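Here is a brief report on one protein chain. Keep the sequence and the 3D view open while reading.

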Amino acid sequence: TLGYIPAGTTNDFATSLCIPKKMDKAAIAAVSGVPVWVDVGKFDQEYFAYVAAFGAFTDVAYTTPQDMKNSLGRLAYVLACAQRLTSLPSYHIRLEHDEGTVEDEILIGMVSNSSFVAGFPVGKLLDVSMSDGLMEVTLVRKPPLLLDLTRAINGLLVGELDPELIYTVKTRKLRVLSREPMPWTLDGEYGGTRSEVNIENLTRALEINVPGEYLVPKKNARRKTDAQN
């Protein structure tokens, strides 16, 4: 059984598990918390705890200067993203998953197993369980106008998906192919540049001690069942 003491500017994995950001409280949960099982992602021969991503903005976590993150916190990421709005890269990809295939020009792609991504709550929107053996795939298609992208992102923030621009699917395994090598981010760190990637969910691969409140969420009774199984 693992104990986890989070640090850093934004820690989505800890937030998803209700682990406190204050280290003394996190240490108490690590020693005397309740053990739960969580899935892990396998990325070719590497691993990630909660997200593998490519495309616009996904490298912000490791390219934003540390002094800027220290002084501004999460706002540093917002400012870094705002500076790129006029020159966003996109990639033509083919994604093969358990239920079919998607091929399109994609601006942002995420394969996640987390109730929070980039500090935003996506658990309810994507119906996330961290121990169901499935990854949540979210693809943002390249919009014809920047205004369309703004509308789609605003929709995500308030819990709405724009079906014209955003595609989501749950899958146990997937394969991503791109016409040109593209950089990936694994849990906020550089994950290499590749034109083909195979991703697999390793079901209930880690047992982690978490605070008791993780088992009693107010609006997601299913999570209690997953954690106790």
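## A salt-bridge network

Glu-103 is partly exposed, at 46% relative accessibility. The model is predicted. Arg-94 has a relative accessible area of 34% and is also partly exposed. The side chains of Glu-103 and Arg-94 meet in a salt bridge, with an N to O distance of 3.7 Å. Side chains of opposite charge can pair when their charged atoms come close.

A salt bridge also joins the side chains of Glu-196 and Arg-175, at 3.0 Å from N to O. Glu-196 sits in strand S11 and Arg-175 in strand S10 (residues 173-186), so this pair ties together parts 21 residues apart in sequence. Glu-196 is partly exposed, with a relative accessible area of 36%. Arg-175 counts as partly exposed too, at 28% relative accessibility. Shared partners join the salt bridges of Arg-94, Glu-96, Glu-103, Arg-175 and Glu-196 into one network. The structure's salt-bridge count comes to 8.

Strand S5 (residues 100-112) runs antiparallel to S8, and 6 bridges join the two. Met-110 stands opposite Thr-138 of S8. Strand S9 (residues 166-171) is also antiparallel to S8, again with 6 bridges. There, Leu-139 stands opposite Tyr-167 of S9.

Which residue forms a salt bridge with Glu-136? The partner is Lys-170, and the closest N and O atoms are 2.7 Å apart. This pair links distant parts of the chain: Lys-170 belongs to strand S9 and Glu-136 to strand S8, 34 residues apart.

Glu-136 counts as buried because its relative accessibility is 2%, under the 20% limit. Lys-170 counts as partly exposed because its relative accessibility is 25%.

## Strand S1 and its partners

Strand S1 (residues 34-43) pairs with strand S11 (residues 189-210) in the antiparallel sense, over 9 bridges. Strand S2 (residues 46-48) also runs antiparallel to S1, joined by 3 bridges. Gly-41 has a bridge partner in each neighbour: Asn-201 in S11 and Phe-48 in S2.

S1 and S2 form a hairpin with 2 residues between them. In its turn, Asp-44 has a positive phi of about 50°.

## Lys-42 in S1

Lys-42 lies in strand S1. Lys-42 is partly exposed, at 22% relative accessibility. Which residues does Lys-42 contact, leaving aside neighbours within four places in sequence? They are Tyr-47, Phe-48, Asn-198, Ile-199, Glu-200 and Leu-202.

Lys-42 and Lys-173 are 131 residues apart along the chain. Their C-alpha atoms are separated by 9.4 Å.

## Positive phi in two loops

Most residues other than glycine have a negative phi. Cys-18 has a positive phi of about 65° although it is not a glycine. Cys-18 is placed in the loop between helix H1 (12-16) and helix H2 (23-32). Its relative accessibility is 25%, so Cys-18 counts as partly exposed.

Asp-127 is not a glycine, yet has a positive phi of about 55°. This residue lies in the loop between helix H6 (123-126) and S8. Asp-127 counts as partly exposed, at 40% relative accessibility.

## Aromatic pairs

How many aromatic pairs does a search of the whole structure find? The search finds 4. Ring pairs link Tyr-4, Phe-13 and Tyr-50 into a cluster.

Technical notes. Residues are numbered from 1 along each chain as its sequence is written. This is a predicted model: local features need pLDDT of at least 70, side-chain atom pairs count only at pLDDT 80 or more; totals for chains, interfaces and linings use all residues. Side-chain values use heavy atoms; hydrogens and water are left out. Two strands pair if DSSP finds at least two bridges between them. Helices (H or I, at least four residues) and strands (E, at least two) are DSSP runs, numbered from the N terminus. Rings of Phe, Tyr and Trp (its six-membered ring) pair if their centres lie within 6.5 Å; planes under 30 degrees apart count as stacked, over 60 as edge-to-face and the rest as tilted. Buried means under 20% relative accessible area, exposed over 50%, partly exposed in between (1.4 Å probe, protein chains only). Contact means heavy atoms within 4.5 Å. A salt bridge is a side-chain nitrogen of Lys or Arg within 4 Å of a carboxyl oxygen of Asp or Glu.
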